[in-house]
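Student: Could we go through this structure together and test each label against its definition?
Tutor: Gladly; let us look at it first.
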Amino acid sequence: MSWRYDPAAETMPRERLAALQLERLRETVKNAYENVPLHRERMKALGLEPGDIRSLDDVAKLPFTLKSDLRDHYPFGLFARPREQLLRLHASSGTTGKPTVVGYTARDLDTWSDLMARSMACGGARPGDVVHNAYGYGLFTGGLGAHYGGERLGTTVVPMSGGATERQVLLIMDFGARVLCCTPSYALAIAEVAEKQGVDLRRSKLEVGLFGAEPWSEAMRKEIEARLGLKAVDIYGLSEILGPGVACECFEAQAGLHGWEDHFLFEVIDPETGKPLAEGERGELVITTLTKEALPMIRYRTRDVTSVTREPCACGRTHLRIRRITGRNDDMLIIRGVNVYPSQIEAVLVGLPEIAPHYQLVVERRGNLDHLAVEVEAAPGVPADRYGPVAESARHHIKSMIGITTDVVVKAPGEIPRSQGKAVRVRDLRPRSA
Ligand code: DLL
């Protein structure tokens, strides 16, 4: 089944969009209430029943859902369908050792492919294009999300995944990719390797880059566009809500990410008070799914900081625009596209006997890639000639448990700075995104 641009869906008058949202919101709340004990109990505690949702504003009566709710009901406790009805699971980093697990019915996978096809088309991909997909394949939603979206749109997808950068350059050139999908930092890494190889990507067939999964800036957009000779478009999503394809910039305006309002209800709240903010005000993005079967999400607190606008866009789409996401209001780090919580690293470190419970994470940008160093203290009495093997063992455990490569530096007891108040666990030395 292929996807075709449907102006009725993307340029729907706002009143029609709102009516559709209300109808779907009511179905979603009913699905969550009837099939997920957590949602039912929380609503009952507030004296709410699905029938109480009579207008879109009533969404503010509903309780929030947090990432920790997924962890507390690990692995399948928030699913509204029996596991046997799911065709796919994905997982992303949780706040501790346990990942956040998400599941999809056949209809959910269909919706996801459609929304990714819509996003990719919105960003400038066209049927017949070669799409070089360097998002990671596997439990991360980026690879398979772009893969099935590209196929649904009718493009030729090259399922590259990340890594082997020299080969990426070769295949981009030889297969004539018009569209590149990867994180913005990896796009720059590809550019750098190409330049070293003496390959000029500006002379390749690349015209569109669909970049997301981590915060980036306008300055980075300009640099990527200049070095790769393409239009760089921002794409947003998160596993808990769908994966990539929740929102995407349009090729025409590149001025904020169209959030697909026929499938999601977007709110921006004050993270301190939980109160909804007005259009244009910056706060935390909260998303309610409107068409998900297996994992309906009610007012999911994304922790992503942004604002939204409903001003008309040059492209004619009526769906609101989410401004560039500048960061998160929790301590999650995104290192080369991989989500990492300091608490996950801590969970690995406390399991190692020769290490004391003092550590600091130092994040830097080296060239164009994020780099994470873990500074730990040796436990008292551990001889200095053990520091090397201890570091190697910690590095290995972090890699196998969390999936990221780090530099571990073992210091002598007392060398990690102690703080008076909250421990400073992270020193993020990367340039801030604007
Ligand atoms: O990163 C899904 C994705 C894949 C999006 C490919 C775009 C492209 P998660 O691994 O669950 O899912 O991480 C979601 O990544 O809450 C944001 O903090 C961050 N993020 C994703 N897209 C952007 C973006 C995928 N365009 C988390 N700008 C989200 C800034 C982004 N941050």
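Student: How many residue pairs are in polar contact across the interface of domain 1 and domain 2?
Tutor: This is a predicted model, and the rule finds three residue pairs in polar contact across that interface, both residues of a pair being at pLDDT 80 or more. On the side of domain 1 that touches domain 2, α8 (184-197) and α9 (218-228) are the elements that give two or more residues. The most comes from α8, with four residues. Sorted by class, that side of domain 1 has five nonpolar, seven polar and six charged residues.

Student: What makes domain 1 and domain 2 count as being in contact?
Tutor: The domain assignment gives domain 1 as 1-329 and domain 2 as 332-428, and their centres are 31 Å apart over C-alpha atoms. Contact asks for heavy atoms within 4.5 Å. By that rule, 18 residues of domain 1 are in contact with 14 residues of domain 2.

Student: How much area do domain 1 and domain 2 bury between them?
Tutor: About 1,300 Å², with 52% of it on carbon and sulfur atoms.

Student: Why is the pair E10 and R118 called a salt bridge?
Tutor: The rule wants a side-chain nitrogen of Lys or Arg within 4 Å of a carboxyl oxygen of Asp or Glu. In E10 and R118 the closest N and O atoms are 3.8 Å apart, so the pair meets the cut-off and is a salt bridge. E10 sits in helix α1 (residues 7-10) and R118 in helix α5 (residues 106-122), so the pair links parts of the chain that are 108 residues apart.

Student: What makes R299 worth a look, going by its phi?
Tutor: Phi of R299 is near 45°, a positive value in a residue other than glycine. R299 is in the loop between β11 (283-289) and β12.

Student: Which value goes with calling the peptide bond from Y74 to P75 cis?
Tutor: Its omega is near -5°. P75 lies in the loop between α4 (67-72) and β1 (88-92).

Technical notes:
Residues are numbered from 1 along each chain as its sequence is written. This is a predicted model: local features need pLDDT of at least 70, side-chain atom pairs count only at pLDDT 80 or more; totals for chains, interfaces and linings use all residues. Side-chain values use heavy atoms; hydrogens and water are left out. Domain bounds come from an automatic or database domain assignment. Buried area is the accessible area (1.4 Å probe) that two parts lose on being put together, summed over both. A polar contact is a pair of N or O atoms within 3.5 Å; within protein, one must be able to donate a hydrogen and the other to accept it, and residues adjacent in sequence count only if both atoms are side-chain atoms. Ala, Val, Leu, Ile, Met, Phe, Trp, Tyr, Cys and Pro count as nonpolar, Asp, Glu, Lys and Arg as charged, and the others, Gly among them, as polar.
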